[in-house]
Amino acid sequence: MEEGFAQQADELTNALIGTVHSLGVKLLRRFAFEAGVSPEVSIIAEEDEHFMFNQSLATVLRRERVEAMDALASKLGLNKREFFDWRKEVHQITSLARANDFDIEVLEKSKSRSFETYKEFLGPVSDKNAEWFNESLKEKILETIQKLEDNEDTTKKTADVVDLLKTTLRELKLRGFLFWYQWAKLSKVSTGAKSREDIEPLQRFARLHDTHPDFHKDIKDYIDLLFTISIEAIREYTNYKNKRGLIDYTDMEAYVNKLLDHPIVQEVLKEELSLLMVDEFQDTSPIQLSVFLKLAKLADQSIWVGDPKQSIYGFRGAEPRLMQAIIEQSGGVRPEDIQKDSWRSREDAVFAANAIFTKAFSEMPVEQVALNPKRTKKASKESINKEDESSMMGNALIHWHFKPEGEGRQPAKPWMEHCIARTIKDELEKGIFIQPKGEKECRKAVPGDVAVLCRSNAGCQVMATALNEAGLKVAIARSGLLNTAEAKLILACLKYLLNPKDSLAVAEILLLGANVPVEEIIEDRLKWLEQKQSDPAFHQWAADQEQIVKLDQLRLETAELSSAEILDYVLEVLDLRRIITSWGNEGQRLENVETLRKFALDYEDACNRMHSAASLGGFYLWLDELERNQNDLQGAGTGPGAVNVLTYHKSKGLEWPIVVCHNLDDKLRADVWGLDIVAEKNEVDLNDVLGNRWLRFWVNPYGDQYRKTELEKRINESVAKENKLKNSLREESRLLYVAITRARDYIVFPTNAYPTKWLNRVWHEGREDFPVLDPDSNETQWEWLNQFLVKDTTIFEMPRSFEAEGLDDSGKLPEYFDRGVGKDFFPPFRIDPTALEVKGQIVNVFHYHPPVLVEDFEGQQEIGQIIASFFWADMHLENPEAGESVEIRLANHFSISEDIGKLSLKGRASAFYRLLENELDSKTIKGHFPLSHFVGDQLFTVTIDFLLITSEGIIMIKNDHTTGQEKLLKKRALALSSELSLSRQALQAMNGTPVVRTFVHFILDGVLMEVQT
């Protein structure tokens, strides 16, 4: 706009700008007819997709299939250490297949080829059957036990083997077969030197198990059944969506990919697309790359922005091989398109990254890897810092080396995490200076300036616990919200609202909400049970406890509210936030409360999307599902007072002044087990990037007994293993690159007695045995611009065990207003007479005319209105002829011309007024007299039908259309006592008249009753 391109700015509204998903939806809606979808297409939310797929999966998981898969999982050692859910592998197959647009034909091919390629590593199938193998094994075990017990080997090692063989033999006899990891273990069992010859025949026979026909069959059956279930689940899921007219994000990508092959769509987009820009292309999936390539052919110009060095999402389907093919097809990266400068990190941090990764990414030109630092030690015209780097800042490269006190081996996990946590706390307390972004002056770092990167989510949990025990707050999106005290208290209140007989909920409210000791709760519960047994009508347990009383009052008030509204109501009425913050760590706890509130809203949104009813009970089931899938994430607790803990993968795109690279001793993750996409050709066909590939699945049949088996030996010598190693080494080099380039001021490398295998592999092209970091030196092996880089090295001698220090909660707690007194009762502005209890009595009854016979209630009301209207008109008639005119008009208005005479309106009116004059001494009569009167702060309003002025006072008469026997009329008159009493009080206040008599006029029956109140 500043440059005068107003028209171009307006045209941007027509541009396709957004995420892959948002652009896909726009294209589908625009070309709905060509795509074969509804113009109002909406995409299933990710969480709903998971739910719907599980429903589809449940349909194909017949009982016999589940039992077969469970049995195979056990035989193949998948359940050896803990329960293994093979359904997750079904999800992985279906997700990866759909993300790569693999159709059923490709999956069927993948099923057969997976085992065909696997069996190359297995021994030839024996002509002996399973029974022969099992019986022969029994004999070998018995013979071996006998030999070992009869020889002179008394070592513990041999005795342990005898115990193992006896246990194994029992299992073999009971089950009829052994698991394959048990066969592998027997093939490697080791005894004392004197027994080696005795154990050897059993070992040789156990090694033959890979020729066992059932060994081959179990592996094949597991792979085949896994693919079969996945294929049927995809079919069922597709049918489920088609019947309901739904698509998910993967469908959307597939639809768009096919849509771009449509000639009409190509013609339209070719006229409109002048420029295609793709950002972060290294993170795209294969199907997204296919979409971008097709769009690029239609655009006049295309720009792809990304960094192959940061392609770290291979587990999601991103394929660096495809990206490299795109770069090569476009003629390589032009010098002017290369990012040359680093604006984030200090000089030595940039130089370290250059030195490490120009070697790690040796297949790339140096200029595509190395960067020029814009933050330099000495200020220059090119640097962004106008002054030299502060002397208060130490070296950008920091090496912490930890060794345990005393002699002996290094303690096991989580010793290293505790060492890092205590050192972070100590260094922050001593003062480590950073240069805040955009500021000229240095300052001391605070916990929020530090990020600790871990290889796994589980590792993050361990690290977070260690930091907490060191007295530091932690910012981490970790599961377990429902196990926190604050969530337990809130949910206990909601459970009690749902079911007042939930004694566990009551106990949790007493313990957490009222701070009653556990012993007192148990004792009180036992006393209550004893009283309840002798008196079944005895009140509910803890019914007099303050919070229970409030919840009992809320139960009816919240009956019509949603789960989110009920949760908010409980939080406010019971003042739970005040209780929760009193426990300490108030920031994290309050964030957890807000997260729980968000979950309640998410649940209601999910119900709206799924067109199902939301309820408090349904909310509990929904939360239970989150907990079982470890998706009940707590509040991250981010802020300047909390150390950031996250995985290397999640650090991408972020930055911190201080980055601690944990788990540098991690082993290479290069197992061939599980899923892999296999390319059938070495060259990538960019005209068909999704073709010529299939999905391979291999399963480890031995669990943790895989090492030193013939299968391991054969696989380690295979091309598949070689390719896996290469890909894994490249992937972890890219991951470490991401980590090191996150740091602005300091990169911390923590080490211990174990070698930094990961860092060693990256630096030494896969070799782990060459150490990179020397704890006895400040020099590094990293050279840049003909200078070796230096680091600040500190050796810490740490205790072998750590005592939890607890969080420092001495900070100022949140300020609250004074505790509320609860809800005040505010009566309605207008008085409802029926809500009052006033007792009256009938003191006089006057009959002035025979009753009118009415057949139904509607007729009763209508005739009553006719008579009352005539009475009011008759008060003002000047002559009898005028009365006839009124009767005619009333008859026409109420459509009763034929029956108007039966009502004897003139006779009734004359009799009524004679009664008022003769019996009640009426001097003046007023009709429809409005009256209002305040009783305290409440207003009473009424319109009096007849108001009589007499010599003794005032008489008010209220018309009523009730008809029937005198007993019924008296009952009705007494029911109006409250209104009559209020009317009497109003008239007395208005006129100062002490005497006011009140009457009910039953107009249909010609009866006047005086009610005294």
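Me: A cavity is a set of grid points where a 1.4 Å probe fits but cannot get out, and its lining residues have an atom within 4 Å of such a point. Which residues line the second largest cavity of this predicted model?

Reply: The lining consists of Ile 398, Trp 400, Ile 424, Glu 427, Leu 428, Ile 432, Val 450, Ile 658 and Val 748. Two elements give two or more residues to it, namely strand E5 (397-404) and helix H18 (415-430). H18 gives the most, with 3 residues. The volume of this cavity is about 60 Å³.

Me: What makes up the lining of the second largest cavity by class?

Reply: It has 8 nonpolar residues, no polar residues and 1 charged residue. Glu counts as charged, and Glu 427 is among the residues of this lining.

Me: How many cavities of 30 Å³ or more are there, and what volume has the largest?

Reply: The count comes to 4 cavities. The largest cavity has a volume of about 80 Å³. Its lining has 12 residues, and Arg 321, Glu 683, Val 684, Asp 685 and Gly 691 are the closest to its centre. By class, the lining of the largest cavity divides into 4 nonpolar, 2 polar and 6 charged residues.

Me: What makes a pocket a separate term from a cavity, and which residues lie nearest the centre of the second largest pocket?

Reply: A pocket is an open set of points, whereas the probe cannot get out of a cavity. The second largest pocket has a volume of about 1600 Å³. It is lined by 48 residues, and Trp 304, Val 305, Gly 306, Asp 307 and Asp 337 lie nearest its centre. Elements that give two or more residues to this lining include strand E2 (301-304), strand E3 (341-346) and helix H29 (719-740). The largest share, 5 residues, comes from E3. The lining of this pocket has 22 nonpolar, 15 polar and 11 charged residues.

Me: Which residues of H21 and H23 meet?

Reply: Val 506, Ile 509 and Gly 513 in H21 meet Gln 547, Ile 548 and Leu 551 in H23. By class, this contact has 4 nonpolar, 2 polar and no charged residues.

Me: What is the term for Asn 786, buried or exposed?

Reply: At 72% relative accessibility, Asn 786 is over the 50% limit and therefore counts as exposed. Asn 786 lies in the loop between strand E15 (779-784) and strand E16 (787-790). Its phi is near 65°, a positive value in a residue other than glycine.

Me: What kind of peptide bond joins Lys 413 and Pro 414?

Reply: The bond is cis, with omega about 15°. Pro 414 is found in the loop between E5 and H18. Most peptide bonds are trans.

Methods. Residues are numbered from 1 along each chain as its sequence is written. This is a predicted model: local features need pLDDT of at least 70, side-chain atom pairs count only at pLDDT 80 or more; totals for chains, interfaces and linings use all residues. Side-chain values use heavy atoms; hydrogens and water are left out. On a 1 Å grid over the protein atoms alone, a cavity is a set of points where a 1.4 Å probe fits but cannot get out, and a pocket is an open set with protein on both sides within 12 Å along at least five of seven lines; lining residues have an atom within 4 Å of a point. Grid points are joined across faces, edges and corners, and a volume is the space filled by probe spheres set on the points. Helices (H or I, at least four residues) and strands (E, at least two) are DSSP runs, numbered from the N terminus. Contact means heavy atoms within 4.5 Å. Buried means under 20% relative accessible area, exposed over 50%, partly exposed in between (1.4 Å probe, protein chains only).
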